[in-house]
Amino acid sequence: MPAFSRLSALIPRWGALASLLVFSGCAVSSGVSQFVSAPVTLPATAPSVDLADYEARYPDANGVLLNEEVTYEHEFSATPFGQPQSWVFYQDSRSSYVVLDTDDEGLTTFEVRVPSSATLTGLVARVTNPDGTSETFYSDAFATESDDSGTRYKLAYPDVQRGSLVEEAFRLEYKNMFAQPRLNYDIALQFDIPCERVAFRFVMPAAWQTRIKDIAEERAVPYTVELTPDGKKSILTYTATGLPAIEDEIYAPYFKERADYLEFDIALIKAASSTLYEAPTEWEAFADQFKQYAFKRGGFFSDPVKRQTERLIRGEMSKAERLDAIVGWVRDNIDVGSPDNDSFAQVLRDGEGNPYLITGLTQSMLDAASVDAVYLLVHSAQDGHFDPDFVTIAQLYIPALQVTLPDGSQRTIFPYLDKLSTDHVPENFQGQQAMQIDGDGYRGFTTLPYGNAAENAVEERYAVTLREDGVLDVEEERTVRGSLAYVIRTGLEDLTGEERDEFMEELLTYTDGEVLDLAYTIENETDADAPLVMRLTYGIDNLVTLTPEEVLFQTSGLLAPSSRVSRKVDPRERQSAVRIYNDETFAKTITVQYPAGWRLVTPLEEVEVANEFGTLSGRYTDAADTLTIEQQTTLQRAEAPADAFDTLLTLLGARSELAVPTLVFSTVASE
């Protein structure tokens, strides 16, 4: 089923915890499994579905999640002599939903990813069609793909219809929990389709303790905790009904800034009267633990680091030039990989390391070059609210450097992000909390800076030739900086030729018409410190209506002031609050060349608009069979309720005064 995604957690190995659990001699009472003993099955009879009722209640939904139920359970036991004997973790997931749009691949396929550390112990699905016929699928019906990370089971349902009921269930079992303990849990409680019921249970030994994150200021999702009848296990339970979908909307907060979710970690693992693991309760202790991972100064700051630094810098270089030289070299020569590397010398030797080591290596090289840099762990807005009382790496897992230059200016550097310029902070990190750590440990928190309009600038130039046969020839050039450049560079990475063509076609300004003979070039795709320049040429058909006396040219997004809002949006359906993370500028110059003898009859007047979200201006010049349009839009960082979206659209998209939907030309010679 569709669920929200987050940045991949770059969590270090919990070797100390694993050793502690393996070698401690503490007795642990064996738990009694409450849910995982039953086989993975589906109800004998599928519930009936009233398709007309669901269509009436959810007219815009692709599907409706009837029930989403997940159980996590820990089984922990010890020998009679008090030695930990086994630790098994189970995940039991069950879903049922009604399909309302058979083109939604997320609703017509079933995919289960089984990590290499887990075993799939049950897998079943059933599709019941509106006529009452049904088909059940077991694991042997699924296609499988395996690699070092695990196995993917995937099934495309063969005959899904509008109104089909889909039921799915699977169970995973993790046995090697001493080596890879699962401490943090992040549970989706809302989805991209409506959900009528969601239930989550977490079962663990009664002596263990959890710590729950607030998902907003002093707000945690409601849950209950009770003991099993034998008193050996506690069960954390959350249930809710009637949950709306979380729509993917432009200029909206991130998913976890809007949706309900349950995030918690295991804070205490006890056996009898002994404590096997206790999570840090203060950020100072957390920083000390991380310092031991990232700041092994004796072995890390070594001659190879100094020698490589000396190859890159010269005495006459300014500190800003030294910064750019070092970060540029690391970004171009060190890849993310080799999780077993544990020293800067190994990272230099192999040309790869994990993001924490790459960041530490960069800091050591900057230290060798006399450039002041402080190690950071950064919170991401994609992870929702930052709860200062939830002391865990799940909130601060993004490494970075805070560099101070002699003029007092500061830069935040992510040296392992090779598509990111050294003078830009991605929007999901702007304004977020970051912990400062040095060789002595905790140095407090800082707030990352926000971007500015110059950093997040898009310049667009269009040369449109309107041919007498009604076909448009278009030459398009976009120069992109900042967050959007980073997103596009990242999106292009690792695409096949056909996938790249599709990606570039999605970037086209035009929202309608048939694209003909698309060709493109991209400049500075791998040079993150230079503007990203995309040049496209293509034809567009079916946008021009020819009559004996006039020509109607549907502009189809060409005159919208921001091609970032290329899709059609309806403010009446807006669900989310409005969030603009960055100051942004959009400059657009359009020339429309039309045949001699045609005359533009659509009146075009200069536009000046200002509101709470920014400003907009437009100028028009029509001379010598050429219409020239100049547009300038600025957006400023802002937050506003959903009903303000209509105001934002007066600056962007089809609601703007600049977005003239049709240009009319007379083909009758003037008298």
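Over the ring of which residue does the charged end of R574 sit? That ring belongs to F645, with the charged end of R574 4.1 Å from its centre; a charge counts as over a ring if NZ of Lys or CZ of Arg is within 6 Å of the ring centre and within 35 degrees of the ring normal. K256 likewise lies over the face of Y261, at 4.2 Å from the ring centre.

The model is predicted, so local features need pLDDT of at least 70 and side-chain atom pairs count only at pLDDT 80 or more, while totals for chains, interfaces and linings use all residues. Residues are numbered from 1 along each chain as its sequence is written, and side-chain values use heavy atoms, without hydrogens and water.

A pair of aromatic rings is described by the distance of the centres and the angle of the planes. Rings of Phe, Tyr and Trp (its six-membered ring) pair if their centres lie within 6.5 Å; planes under 30 degrees apart count as stacked, over 60 as edge-to-face and the rest as tilted. The count by this rule comes to 27 aromatic pairs. The pair of Y54 and Y58 is stacked, because the ring centres are 6.2 Å apart and the planes lie at 20°. Both Y54 and Y58 are buried, that is, under 20% relative accessible area (1.4 Å probe, protein chains only). W283 and F286, in contrast, form an edge-to-face pair, with 5.3 Å centre to centre and 85° between the planes. W283 and F286 are also buried.

Technical notes
Buried means under 20% relative accessible area, exposed over 50%, partly exposed in between (1.4 Å probe, protein chains only).
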